Amino acid sequence: MKFPRPLRLALLLLSLTGALLLGGCQHDALPFRLTNISGHMPDLQFQLTNDNGRPVSAADYRGKVVLLYFGYTHCPDVCPLTLAHLHVVLQKLGKQADDVRILFVSVDPARDTPEVLHAYVNAFDKRAVGLTGSPGAIEALVKRYRASFTREPGSQGGNYEVSHSSAIYVFDRNGRARVLSTPGTPQDDLVHDLDLLLGAGASA
Amino acid sequence: MNRLALPLLLAGLLGTGLAHAGPVVHVTASHAWIRVLPGSLPAGAYVTLRNDSDKAVSLTGASSPAYGEAMLHESSAAGGMNRMTMVDALPIPARGMQALQPGGYHLMLMHAKQPVRPGDTVRVVLQFGNGGTLPVDFTARPANAVDDTH
């Protein structure tokens, strides 16, 4: 098959552009400072209940950069510290942080009702969402990200302590796992990587 | 009883009360604050303690008229997990300091008798291994405070 010369050039350019676009999708090598988990952790997926009592899934947060954190409200020290730090990180990002959602998933659904979660997450940041659900649904999400939690008997009858994964999983606007933030991570590194992800926009 | 007797009597009673507080502790407290959480959720309390004596002393517990229960805890992070454990005695070295701060040692205040709000001052009585006590006024700060100043 023979095409006239101008058309051949146009086709060549078109195929080159296509290759570049595809390459961009596959590598998307943003210069992250945090642990890069792109391609190593599954996309965001869950069926839970939000702090307004409505059923939600990962699709409801497409278009947002998501920070996923497992915790529980009866945790008076580390969970509030983590959420307070995330609040500071979002403050540092300024207006663009409106496209970020902190998803605080309770690993203590027996005590963490939507009402309790609502008051709790809003005490930290308006862009934080509390998620709870059936123990099975929460366990599935915990397992999906190779996180874990345990319940240990507390000091008094009926009371118990929960130990839980300390990591924060960061997802891009398409729900793809991108970086992992841990308690030792400098705050500015998280600000840096979120800035990259927010700037990258949502690809089709 | 004349006009002078009542204040004297009260002063005497007060003195007796102080004597019952037990051995003197040479510890001073600073940066005392509470992170207030909504509803009836337990709150974390933080303070920096300085031991001005030549002998080590241990913080063994606390109580507060504003809370039903106070416990000494330690948060720790290992193997990617956060854990909270009870602490029986937290040593403050001779002529040294010990900080209770977010992510480490802290007091867990439970069952607030009245809602505690940011800005409130809450009295917490620290208990030490030698039987002594130290009343400290803690400032209640919002949930998203990072330390006692921000």
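In this predicted model, helix H2 (residues 78-93) of chain A and helix H5 (residues 187-200) of chain A have axes that come within 10 Å and cross at roughly 50°. That angle makes H2(A) oblique to H5(A), oblique being what is left once angles under 35 degrees (roughly parallel), over 145 (roughly antiparallel) and 65 to 115 (roughly perpendicular) are set aside. Axes here are lines fitted to C-alpha atoms, for helices over the stretch in contact, with angles from 0 to 180 degrees between N-to-C directions. Helices (H or I, at least four residues) and strands (E, at least two) are DSSP runs, numbered from the N terminus.

The crossing of H2(A) past H5(A) is right-handed, meaning that the near helix is turned clockwise from the far one by less than a right angle. On the H2(A) side, the contact uses His85(A), Val88(A), Val89(A), Lys92(A) and Leu93(A), and H5(A) answers with Gln187(A), Leu190(A), Val191(A), Leu194(A) and Asp195(A). Two residues are in contact if their C-beta atoms, placed from the backbone, lie within 7 Å. Sorted by class, six of these residues are nonpolar, two polar and two charged; Ala, Val, Leu, Ile, Met, Phe, Trp, Tyr, Cys and Pro count as nonpolar, Asp, Glu, Lys and Arg as charged, and the others, Gly among them, as polar.

Beyond its neighbours within four places in sequence, Phe104(A) touches residues including Tyr69(A), Leu83(A) and Val121(A).

Now for the chains themselves. Chain A has five helices and 10 strands, with 38% of its 204 residues buried. Chain B has one helix and 10 strands, and 33% of its 150 residues are buried.

How many residues does each chain bring where they meet? Chain B gives 25, in contact with 26 of chain A. E5(B) supplies the largest share of the chain B side, five residues. That side divides into 15 nonpolar, eight polar and two charged residues.

Residues are numbered from 1 along each chain as its sequence is written, and chains are lettered from A and ligands numbered from 1 in the order in which they are written. Local features need pLDDT of at least 70 and side-chain atom pairs count only at pLDDT 80 or more, while totals for chains, interfaces and linings use all residues.

How values were computed
Buried ≥ 20, exposed ≤ 12 C-beta atoms within 10 Å, placed from the backbone.
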